[in-house]
Each structure stands twice: as C-alpha cells, then as structure tokens.
Amino acid sequence: MKLPTVGEAAPSGREVRTHRVHDHSVEIVSDSGEGAQKCGQIFGSVSAKMGNGVWTVEIIPAEVEPPPRNPAGASGIRIRLGDAEVTNWGDETNLVVAFNEQALLGRHRLNALAPDATILVESMWATHPDPSIRAQWEAAMEELADRSYRIIEVPMEEECLTVVDNPRKGKNMFVLGLLSWIFDRDLERAREQIAHAFRKKSEEIYERNVQLLERGYGWAEEHLDFRVEVATQASDLPMVVMNGNEAVALGAVAAGLELAAMYPITPATSVSHMLGEVFEKYGGLVHQAEDEIAAAGVAIGSSYAGRCSFTITSGPGLALKTEFLGLAVMAEIPLVVVDVQRGGPSTGLPTKVEQSDLLAAMFGQPGDAPKVIIAPATIEECFHVMTTARRIAEALRTVVFVLSDANLATGVAPFPRPDLSAEWQAGPPDQRPIPEGLKPYSWDSRTGISRRFIPGQPGGEHTLTGLAHDEGSKVAYDSVINERSSAMRSRKIAAFQSTLLPPEVNGDPEGGDLLVVGWGSTKGAIEEAVERARSEGLSVSSLHLTFISPLPPGLKEIFQRFGKVMTVEINYSDKKDDPFITEENRRRGQLAWLLRAATLVDVDCWTRVLGEPLRPGKIVNAIRESIRSGGDA
Amino acid sequence: MPSETVSGGRAAQALEAMSASVESFHSVVATAEEELRTYSAHRRGVSEFRGEQALMELGPFSVGRIDPEKFADLLGEADALSPEAIHAVERAEAILVAFAGSDKDLHCVTVVRGGDLRDAVKGALTEVGQIFGASRAVEMARAGIYRPDEHNHLLGSLPFRQWNRAERHLAPPLVVEVEADDLVPAGLGEFLDGEVKVVLVVSGITAPAPLARLITPGTFVMQTADPAALARMAASPHPGVALLFDEERDGQARFTHDPDQGDTPWKRITVEHLPEQPMVGRGRRDPTWLEELAHLKTLAAPPSVSAGAVAGEGAEPAAEPVEPADRLAAWLLSQTDLGEG
C-alpha cells in the first residue's frame with residue numbers, strides 16, 4: 001500500500017521551499033539500539049559549532065532494550081535549534097524522523113509533536129511481508145490522521161543497503177545526511193564530528209558512516225521539497241559542546257578533585273565514563289566500588305586521608321549512602337556528592353527526569369545533618385559548580401551536594417570554553433605539625449569551623465568516630481557536649497549563608513502579581529515562559545535558586561514584593577482540587593516545602609512528574625491560571 | 001649525553017613528527033611556571049588580596065552568588081609559610097623559570113659511539129625530572145611538610161623510577177640518535193610507562209627486528225624508515241618506542257604494534273615488510289636477532305587450527321583467524337596424538 005500522505009501534498013517536482021525560522025525542534029525516534037541518539041548528538045554538535053543555539057534532550061525508554069516496534073519503547077533524541085541561545089527543549093517538535101511508525105506513534109500519543117509537524121518515516125513497514133506489521137502501519141496512519149501532520153516516506157532501509165549489509169547499524173548516519181541537507185549543515189563539520197564519535201572504531205567504519213551520511217544528503221537533495229533555515233551566528237568566543245554529565249566530569253578535573261568513587265547507576269554513570277577516559281591523565285582516580293555504600297565509604301576515606309574526593313550517584317544510590325553521609329557530616333570530612341536525579345521513589349523512573357532528591361539530600365540522615373546543597377541550572381554551570389563545591393567542602397569540612405538531573409545529564413548545549421585557572425585547584429591541605437593544644441574539632445565558636453586534621457600529621461593523633469564527640473574527638477557521654485557539637489556543625493552552614501548574596505529577580509525586581517521560583521535544570525524553561533507571559537502583559541517575574549542549603553539571604557523580603565509566589569518544579573505535589581486535599585494536608589513541591597518553612601510566606605507550587613523536562617508553554621498556562629485564579633494553579 | 005641541538009636531519013624530522021607531544025610538554029612547563037609565579041605573588045601579598053584569592057579559588061560559579069571578601073573573612077588568616085618552605089618555593093621557582101626560558105633541547109639525545117643507550121635515555125629523563133621534583137617540592141612546602149633534610153633532593157634531578165603516575169603521563173618525547181652497533185633497546189623497557197615516547201634514530205645496518213622484544217599489549221612499537229609515520233605514535237595515549245631507519249633495507253623489518261588496534265597481537269601488529277627468516281644449522285642455538293624475528297612473526301600471524309602451525313613446525317597459518325579456544329583445542333589434540341594415521 002502506498003502511504004496516504006496527510007496534510008499537504010507529497011513532495012514532488014524540484015521546487016524547494018526554504019522555511020526561515022528563529023527556532024526549530026527536531027526529533028529522531030527509533031527502536032532502542034538503532035543509534036538515533038548518536039545521530040542527534042552529532043547533528044546537535046555540528047549545529048552548535050556552526051553557531052546555532054542548541055539544546056538536546058534524549059528520549060530514553062524505561063527498559064534497556066524494549067520490544068521492537070513498540071510505542072512505549074521509543075528511543076531517540078530531541079534537538080532544539082535557535083538563532084540565539086537555547087536554554088530548554090521547548091514545547092513541541094516541528095520535524096520528526098522516525099525509523100518506524102510505532103516509535104512515531106509513541107511520540108504522537110505523548111503530544112510531543114506540533115499539530116503541523118513534518119514527519120519523515122521509514123517506508124519499508126508499509127510493504128513489509130508480515131501482514132500484521134502492514135496492519136499496524138495502516139492503523140498507525142489512521143491514528144496519525146487526526147492531526148495535520150505532513151508525512152513523507154523515506155526508503156531508509158533500501159538506501160542504506162547500498163552501503164551496508166545491516167541497515168540497523170546505518171540508518172542513523174543516513175538520517176544525519178537527510179537532516180544535514182534540510183538544515184544546510186556543513187558536511188565537512190559533520191564528517192569531523194563522525195570521526196570524533198567513532199574515534200575508537202576503525203577507519204573502515206568511519207568511511208562507511210561517511211558514505212551513509214552522503215547517501216542521506218544526496219537522497220534528500222534529490223527528493224525533498226523543503227528546507228529549514230535557522231540563522232547561525234558564529235560566536236566571538238571559543239565554544240565547547242558537551243552534555244551535563246561530561247561537564248561535571250571535566251569540571252571535577254578542572255577543580256583538581258582527585259578521586260571519584262562510584263557504582264554504576266542511571267543516569268549518573270556517564271560521569272564516570274568520561275572520567276575514566278581523562279581522569280588518570282590528570283592524576284585522578286576513578287574507583288568503581290562493589291556497591292553504592294562502599295563508593296561513599298571510599299570517597300570519605302580518601303577525603304579523610306587528605307585527598308579531595310567525590311562520589312556520584314542517583315536517587316536509589318543516595319538512599320543507600322545515607323548512613324555514610326551521616327558519618328561524613330558527623331566527622332566533618334569534606335565530601336562532594338554529585339546526585340544526578342531521576343524519577344523516584346525506589347527504582348522509580350531510571351531514565352526519566354525528576355527533581356526528586358532535594359528533601360532526601362536535605363533531610364536524609366537521622367538527627368541533624370546539615371550540609372550544603374547546590375543545584376546547577378545549565379550545562380555550563382555543571383562544569384563550574386565543581387570548583388565551588390570543592391572549595392566549600394574543604395573550607396567548611398562538610399558535605400556538599402551537587403544536584404544535577406537527567407535533563408542536564410544527557411542534554412547537550414554549547415557554552416564558552418572555560419578559561420581554566422590553577423587557582424581552582426586549591427592548595428594541598430595544611431599538614432604542618434599541629435600546635436599543642438589544638439584539637440581535631442577545636443571549633444571557632446563564632447563560625448563553627450575547625451582546622452582539618454590529616455592522618456599522620458605530627459601532633460594530630462586522634463580517634464575518628466561517628467559517635468557524638470567532643471572537640472578532641474572523644475566519644476561524648478555528656479549531653480551538653482552533643483548539644484554543642486550539633487550547634488557547631490549547624491553554625492558552619494549559617495556562617496556560610498552570611499557570605500551568600502541575595503538572588504537576582506528576572507523580570508521586575510520591584511514586584512508584581514506573581515513570582516515564579518525554580519531551581520536546577522528548569523531555569524531555561526521558566527525564564528522563557530516568564531518572558532512570553534510578560535510579553536502578554538502579565539505581571540510576572542522569576543527567581544532561580546542555585547544555593548538551596550543554605551538558602552540565600554533576602555528571600556522573604558523579595559517574596560513580600562509580589563502578590564503571589566509559586567514554585568515550578570519537576571516533582572510531585574497534590575493539586576488543590578484533588579479529592580481529600582485541604583490546605584493543611586496538601587503535599588507540595590519539594591522546594592515549596594522548604595521556602596514555606598524558611599520564609600513563612602504562603603508559597604504555592606505547580607509541579608509535574610511526567611518524566612520529561614518542563615515545557616515553557618505549559619508553564620505559561622500555569623502562570624496565566626495562577627494569576628487568574630488568585631494563586632490556585 | 002643530551003645534545004644541545006638537533007644535529008641530524010632525520011632527528012629533526014622525527015622531532016617534527018612528535019611536535020604535538022613536544023608542544024604539550026612545553027605548555028605544561030610554562031603553565032607550571034606561571035602558576036608558581038602567581039602563587040608566589042599571592043603569597044607575598046596574601047593579606048592584601050585575600051578576597052581576590054577567595055574569588056579565584058571559588059571559581060566562576062560563585063560570581064554574583066558568594067561574597068568573596070566575606071568568605072575569606074570566615075576562614076581567617078592563613079598561616080605563613082616557614083622560612084625553609086619559602087626557600088624551597090624560591091628554589092623551585094628558579095628551576096621552573098630556567099626550564100621555561102631555556103633554549104636547551106630537552107628532547108634530543110645522542111649516544112656517543114660505544115655508549116650505553118639505556119644510560120643516555122635514563123640521563124635525559126632524570127634531567128627532565130627536575131621539573132617534576134620542583135613541582136612536588138612546592139606542593140610539600142605549601143602543605144607545610146617540606147623538610148630540607150628529607151626533601152632537598154627534589155630540587156635536584158629526579159630519576160625516572162621516582163616519577164609518579166601522572167608525571168609519567170606528562171613525560172616529554174625523546175629523540176635518541178644512536179649508531180646501529182650501539183642499539184641495545186632491551187634496556188628501554190623500564191622507561192616504557194605512562195606516555196613516555198622514545199624515538200631511536202639509528203645510523204647503519206641493524207638487526208631485523210630489535211624492537212620485537214619490547215612489544216607488550218599496552219606499548220606502541222614501531223620500526224619504520226618514514227619519519228612522518230611517527231606522528232601516529234605521538235598521538236597514541238600509550239607509552240611507545242620507535243626505530244627510525246636511515247633507509248629501507250630488505251633485511252630490516254618494518255612494522256607497527258598499536259595497542260588500540262585490537263585485543264590480540266595479530267590484530268595490533270601491522271607488518272609492512274618482513275625479511276626472510278634464514279635457516280640455521282640443526283642443533284645450533286638461534287642468534288638473538290633471529291629469535292627476535294621469529295618472535296615478531298609469531299605475534300603477527302593469526303593463529304591456525306593447524307596444530308603444526310601452533311607448535312611451530314612450519315605449517316602455513318590458516319587463512320581465517322580463529323578463536324583462541326580453537327587454537328588451544330588444536331594444540332591439545334596435537335599433544336594427545338589422537339589424530340588419524
């Protein structure tokens with residue numbers, strides 16, 4: 001059966017129309033293992049290097065290898081291109097390349113596609129020898145006909161077979177060629193990027209992938225009747241392109257961290273993959289422990305011995321590390337914990353984004369275990385946060401959490417090449433003989449800070465303990481001592497808070513009807529939404545928090561300038577009109593809980609746990625609704 | 001002894017092919033020297049620039065978020081370095097400044113006729129080790145653990161055996177000019193660690209495959225007459241040794257062993273030219289050079305299911321590579337004598 005094209009007429013003739021746009025989103029979707037993500041990563045990198053703003057988000061199925069041709073198993077990537085900086089994945093996809101119609105259907109059912117999206121779909125399924133597959137194809141086309149999509153058949157398999165024996169390993173580069181023609185990408189850059197992506201493979205594999213790229217480009221040139229132009233603007237600054245996990249890894253190297261102890265866990269593992277490639281070269285060590293608990297123990301032990309260490313994990317791993325993190329707090333051992341958050345609780349949604357661990361990081365330990373929590377908002381910040389986290393951890397002898405998430409972890413964006421400084425790599429810890437009378441916890445009563453002792457330091461001999469202890473690290477049987485040591489550990493955080501600067505308000509700092517407060521990776525989507533809402537005349541501003549423990553000063557005063565305050569988060573909250581929900585029993589977004597407690601302001605929240613990054617358009621709707629209803633979102 | 005200049009044309013060509021590694025090393029030295037100068041400047045004016053220092057240590061993420069002056073106040077005054085530590089830092093700075101500003105060629109070595117190749121390489125690396133020793137002395141001084149009686153040796157030469165893992169990865173490439181008669185490469189094995197790269201620019205007729213015995217799974221080994229081919233070794237993230245012949249001769253093997261090319265020797269070794277292996281009289285012990293050639297041939301040949309080939313009885317290797325398990329099975333069968341006939 002020939003595909004019934006829906007919407008505009010099927011491409012014919014050679015009149016090519018070029019659509020000039022400021023912003024365009026592309027999705028490549030396939031079955032797992034067909035390389036759609038690699039295709040998108042290369043396309044995104046080439047686009048970024050040519051001067052487009054770029055943000056990519058990987059579409060990862062919940063299973064490692066779900067059954068093929070399954071709407072729930074779509075694997076792929078969304079690439080949003082812009083003629084200026086792009087800070088989030090946007091709303092809907094304008095152009096989709098689908099390796100089969102079932103993966104496409106999965107995205108359609110999630111309302112991921114714009115109503116007038118253009119779809120390039122592998123044509124082989126329409127004429128497949130298996131009648132059940134042909135029937136699925138026909139049913140899918142019928143379902144897709146609900147929208148005004150423009151669907152174009154592409155004989156991907158047939159074309160790839162002219163180059164490779166196994167098209168499953170080649171369609172992605174053919175599709176890269178299609179996209180390169182549609183968006184007028186520089187083929188030489190694409191070849192360079194392929195060479196980089198396959199740098200560990202043989203020359204023959206590189207050559208074959210380039211042939212596929214050129215084949216796809218040629219096919220598009222011969223058959224397609226549209227192109228898309230998103231103006232490029234070369235940056236004056238040298239730029240780098242990477243994802244958030246790579247940025248964390250390279251940031252750790254730049255910060256002079258010396259040991260990464262981890263146990264593999266999605267979506268954090270690729271931090272250690274990147275470190276595995278480069279860390280040793282710079283004197284670092286990646287230790288894959290036997291489990292999450294051991295990884296925390298190794299990092300704590302290494303830090304105690306005078307090194308600067310960090311551990312990498314995600315939600316379930318964080319749960320397992322709970323006791324050891326309490327030890328680090330109690331024994332005042334500097335430690336950086338990188339938590340790449342995913343959907344929870346339990347094993348939850350391993351491959352999906354959620355700002356799930358804020359309260360667990362904050363309150364995960366029994367008793368009072370104060371720590372510093374920082375949430376980078378961009379991929380560039382994922383790089384630079386590591387230096388700051390290291391310095392704070394060592395200066396305060398405390399645990400510093402870096403809360404990234406799956407959105408940042410796999411998203412790729414360009415940013416200015418960091419101007420590295422040796423000063424980021426703080427000097428070695430002071431190992432001079434300990435002056436007589438100085439104890440391992442000789443707290444400064446004003447700040448709670450004490451000098452770090454390193455094992456082997458003359459005069460510094462002491463017994464390390466996780467039990468309540470006095471200044472000399474002696475187990476405390478006197479309850480007054482426990483009160484004092486608890487106060488000192490807490491005071492460090494308060495003292496550090498006194499060095500923080502009030503956050504800036506995006507929009508109108510003087511106040512307005514609504515202040516949207518966010519944290520972590522949602523910054524780009526929130527600020528885009530606020531800009532759109534302000535252009536509609538709505539009196540809304542936003543504020544983004546990167547230091548969450550301690551919170552920066554001045555929040556209450558800022559909040560009081562606005563009629564309403566509402567957090568926007570990717571975690572769960574009850575909706576006000578849900579059954580049984582009252583003002584008293586309503587469970588709110590995690591940041592909202594903290595802000596209400598810290599400021600006594602009636603902070604509302606709008607949150608979603610759809611397993612995907614927030615869309616600016618949905619936030620705009622929430623802003624409109626919040627202002628219209630007087631705060632109820 | 002290290003030479004002052006690159007004397008031979010081929011040595012210059014070899015150095016050119018290794019230029020990426022050379023530049024990388026010089027960049028490391030220049031950066032270390034600059035870092036130390038910055039540190040010394042801050043140390044001298046530490047109380048005046050504490051806020052600025054705090055800002056640099058906290059990094060760009062802190063800008064607009066943390067008040068660096070307040071952060072510095074929180075931590076209080078850092079204790080001053082001891083006079084011994086200051087002296088060590090100043091001496092280390094002088095060493096690094098001298099290296100960074102020197103025209104001296106650290107990368108070229110000439111083995112005098114009749115000299116010892118191993119000693120020449122060892123000496124050159126020891127001299128370079130001064131840079132690492134000085135850097136270590138500074139770190140110890142900053143940490144307050146520099147004791148002149150124990151650590152002053154760091155401000156002299158640092159032998160390769162005392163280099164740590166990171167230093168071995170930063171090692172500069174060496175181009176060694178050597179006469180064929182003095183080419184005894186076996187002694188170089190101890191230096192092939194980290195990313196140490198040694199190019200032996202040889203004059204005269206050598207044994208066919210003198211570097212064959214240096215082949216290990218993680219070592220880049222090359223025999224070639226083409227200086228441009230050395231760039232491949234320069235780019236390798238592994239330790240490497242290359243022999244650059246003065247001309248192509250039938251009696252000298254040309255091959256490359258690249259650790260990144262596979263998990264078996266025959267995948268990693270690319271043979272460009274292999275001399276015929278002459279027969280030696282029955283009962284006579286093979287000369288070393290013949291053993292080296294046979295060793296190279298054995299490593300480069302894919303295994304055969306033919307037990308004879310495995311046992312080295314002269315059968316041709318199989319056309320298609322086979323799994324190691326099959327190779328072992330074939331050998332076991334040959335030993336048990338269960339075959340027909």
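Visitor: How are helix 3 of chain B and helix 4 of chain B oriented to each other?
Guide: This is a predicted model. In it, the axes of helix 3 of chain B and helix 4 of chain B cross at roughly 100°. An angle from 65 to 115 degrees counts as roughly perpendicular, so these two helices of chain B are roughly perpendicular to each other.

Visitor: And within what distance do the axes of those two come?
Guide: The axes of helix 3 and helix 4 of chain B come within 8 Å.

Visitor: Which residues meet there?
Guide: From helix 3 of chain B there are B:Arg50, B:Gly51, B:Ala54, B:Leu55 and B:Leu58. On the side of helix 4 of chain B they meet B:Pro68, B:Glu69, B:Phe71 and B:Ala72. By class, the residues of this contact are six nonpolar, one polar and two charged.

Visitor: Which residues of helix 3 of chain B are buried?
Guide: B:Arg50, B:Ala54, B:Leu55, B:Met56, B:Glu57 and B:Leu58. These buried residues pack against helix 4 of chain B and also against helix 14 of chain A.

Visitor: What comes just after helix 3 of chain B?
Guide: B:Gly59, which takes a positive phi of about 85°.

Visitor: You mentioned chain A. How many residues of chain B are in contact with it?
Guide: 25 residues of chain B are in contact with 30 residues of chain A. On the chain B side, helix 2, helix 3, helix 4, helix 6 and helix 8 each supply at least two residues. Helix 4 of chain B gives the largest share, four residues.

Visitor: What classes of residue are on that side?
Guide: The side of chain B that touches chain A has 11 nonpolar, six polar and eight charged residues.

Visitor: OK, chain B as a whole. How many helices and strands?
Guide: Chain B has 13 helices and seven strands. Of its 341 residues, 38% count as buried.

Visitor: Is strand 3 of chain B mostly covered or exposed?
Guide: Strand 3 of chain B, residues 197-203, is mostly covered, with six of its seven residues buried.

Visitor: Which strands does strand 3 of chain B pair with?
Guide: One is strand 2 of chain B, residues 174-179, paired with strand 3 in the parallel sense over six bridges. In that pairing B:Leu174 has B:Val198 as its bridge partner. Strand 5 of chain B, residues 240-244, also runs parallel to strand 3 and is joined to it by five bridges. There B:Lys197 is bridged to B:Gly240.

Visitor: Switching to chain A. What domains does it have?
Guide: The domain assignment gives domain 1 (17-230), domain 2 (241-419), domain 3 (432-499) and domain 4 (505-629) of chain A.

Visitor: What separates the centres of domain 2 and domain 3 of chain A?
Guide: Taken over C-alpha atoms, 25 Å separate the centres of these two domains of chain A. At their contact, 15 residues of domain 2 of chain A touch 14 residues of domain 3 of chain A. Helix 12 and helix 14 of chain A each supply at least two residues of the domain 2 side. Helix 12 of chain A has the largest share of that side, four residues.

Visitor: What about sheets? In which order do the five strands of the open sheet of chain A run?
Guide: The order is 17-19-18-21-22 in chain A, and the pairing is mixed. Strand 17 and strand 22 of chain A stand at the edges with a single partner strand each, so one side of each has no neighbour in the sheet.

Visitor: How does strand 17 of chain A pair with strand 19?
Guide: Strand 17 and strand 19 of chain A pair in the antiparallel sense over two bridges. A:Val505 has A:Leu543 in strand 19 of chain A as its bridge partner.

Visitor: Which strands does helix 17 of chain A lie across?
Guide: Helix 17 of chain A, residues 523-535, lies across strand 17, strand 18, strand 19 and strand 21 of chain A. It runs at about 170° to strand 19 of chain A.

Visitor: And helix 20 of chain A, which strands does that lie across?
Guide: Helix 20 of chain A, residues 616-629, lies across strand 18, strand 19, strand 21 and strand 22 of chain A. Its angle to strand 18 of chain A is about 140°.

Key. Residues are numbered from 1 along each chain as its sequence is written. Chains are lettered from A and ligands numbered from 1 in the order in which they are written. This is a predicted model: local features need pLDDT of at least 70, side-chain atom pairs count only at pLDDT 80 or more; totals for chains, interfaces and linings use all residues. Two residues are in contact if their C-beta atoms, placed from the backbone, lie within 7 Å. Ala, Val, Leu, Ile, Met, Phe, Trp, Tyr, Cys and Pro count as nonpolar, Asp, Glu, Lys and Arg as charged, and the others, Gly among them, as polar. A residue is buried if 20 or more other C-beta atoms lie within 10 Å of its own, exposed if 12 or fewer, and partly exposed in between; C-beta atoms are placed from the backbone. Domain bounds come from an automatic or database domain assignment. Axes are lines fitted to C-alpha atoms, for helices over the stretch in contact, and angles run from 0 to 180 degrees between N-to-C directions. Angles under 35 degrees count as roughly parallel, over 145 as roughly antiparallel, 65 to 115 as roughly perpendicular and the rest as oblique. Two strands pair if DSSP finds at least two bridges between them.
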